[in-house]
Amino acid sequence: MPSIPRLLSSLLISALLATGCAPVPGGGGGGSGSGVSNPGDRSVRRADAQRIGAETHQQLLAAYGGAYRDPQLQRYVESVGRRITAVTEQPNESWTFTILDTPEVNAFATPGGYIYVTRGLLALANNEAELAGVLGHEIGHVTADHSFARRRRQGRANLGAIGAAVLGAAVGGDAGVMIQRAGVLGAQANVAAFSRENEFEADMLGVEYIARAGYDPFAQAELLSSLGAQSALNSRLQGREYNPNQVSFLATHPANADRVREAIAAARRAGMTIDENAPTREAEYMAAIDGMTYGDSAEQGFVRGRRFSHPVLRFTYQVPERFTIINSAAQVTAIGPNNAGMILDGLRDEGQPLDAYIARAWAPAIAEETRTSELRNLRRLRINGLDAAQGEMIVELRAGVFNARLTAIRHGGQIYRLTALSPRGNGGLNAALADATRSFRALSAAEAGRLRPYRIRTYRARGGDTVQSLARRLPAQQLREQRFRVLNDIEGPLVAGDLVKLVE
């Protein structure tokens, strides 16, 4: 969650990125008036590519929590990226590499050579060759100018995704997340076949580039396998069935390890030499990410079990048992049993009475997008010393009919909106969500000062170390051994001398 929530702009950008590696509306290439003399020549960029990428850059930073501030790690990622761009058809063009400050595992590119990789992806990768595989793929999207090829179909598809995002923002809760996801997936289906064509071309180009740069392309397949394992683990932790189409990276990159291997086989048939013994540069990579923030940052707030605490905005609250918190740059969502949910977002406090805000702005916005009952039980109240107001309504969504409790809380120049959704007739969940809402309170300066992010610490295994013994050092309550294995891509026993990642 950002220091000043930008819910709508964040959701719109997320929708724009949902169906591929970040094609941008208005991104052209080739054709009349494109500014390119030969659209098939990958050595030439469109005249407007740099402008489009630059205009989108700040919006993307806002949507993903900003750039990660670690100059040494930034220089390292840039060095890997420039090693690859040097062997492309555009070695002298402008390239900008950005680490996004989010635990989400993702990577994408926009016109003008803007390449993005998240902190979450860096935590999952285990060597430089794996990072190179991801960067090579994204660089391939730029050199192939895929943004223009998808512009028309992408623009049509995004209408559904954006509409769903707005509705999800208005409704909130798990149902709001489901609405957003439905629109994103619907848009993805409209461009899926074309997207697969682009993605495979980016695979082919990526294989070519990273092989030329001296990396083993098979490393990318290893990272994709790790990503699948991480996504399956997350699903298990959240008590839901694993669906790769609902994973950020897999939804935007319809990729898997087999497809990467297919691209490598095709490259070999074309006469390219693939060195499977190329150095992975594991030690250099592990040294670069040592000390990197793991999970949430202070600017985004921390998830610690069932509690969310924001040391910068100075508040905390706790969700009910059996709920899982998902923190993003736009909102904090808690997903519970039977499609129950709780979402926190915020907006700047303009000084209006909170009950009037609910009645005149928030509830009508929901009613414009879905069937609802009249707002009832609207009242002013105090929650742990903070001014608040609350109202209730019934909303009809695809997942069913829900009791919606809308709570607005004034704190620190913001109005925080807590939307609680419980299935009709489930009094237990309704009461649990009411208790969770009442847990919202301000943090003292001392309490905020004690909150610290987790960090990656690299460690060389010694004699006597085991997967089980090192897993016990992870700050987790559940499935520690599985988390350790996925984080380090370890299937068998630990071997003395292995470099591994711990979280402290």
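Trainee: What share of the contacts with a separation of 6 or more is between residues 24 or more positions apart?
Mentor: In the protein chain, 68% of them. Contact means heavy atoms within 4.5 Å. This is a predicted model, where local features need pLDDT of at least 70, side-chain atom pairs count only at pLDDT 80 or more, and totals for chains, interfaces and linings use all residues. Residues are numbered from 1 along each chain as its sequence is written, and side-chain values use heavy atoms, with hydrogens and water left out.

Trainee: How many of the residues count as buried?
Mentor: 54% of the 504 residues of the protein chain. Buried means under 20% relative accessible area, with a 1.4 Å probe and protein chains only.

Trainee: Which residues touch the most other members of the largest nonpolar core?
Mentor: Leu 73, Val 77, Ile 84, Leu 122 and Phe 484, out of 66 residues. Such a core is a set of buried Ala, Val, Leu, Ile, Met, Phe, Trp, Tyr and Cys residues joined through side-chain atoms within 4.5 Å.

Trainee: Which helix gives the most to this core?
Mentor: Helix α5, residues 128-143, with seven residues. Helices are DSSP runs of H or I, at least four residues, numbered from the N terminus.

Trainee: New topic: α2. Where is the kink centred?
Mentor: On His 57, with a kink of about 30°. The bend at a residue is the angle between axes fitted to the seven residues ending there and the seven starting there. His 57 is also one of the buried residues of α2.

Trainee: And just after α2, which residue takes a positive phi?
Mentor: Gly 65, at about 85°.

Note on methods:
Buried < 20%, exposed > 50% of the residue type's maximum accessible area, 1.4 Å probe, protein only. Helix = DSSP H or I, 4+ residues; strand = E, 2+ residues; numbered from the N terminus.
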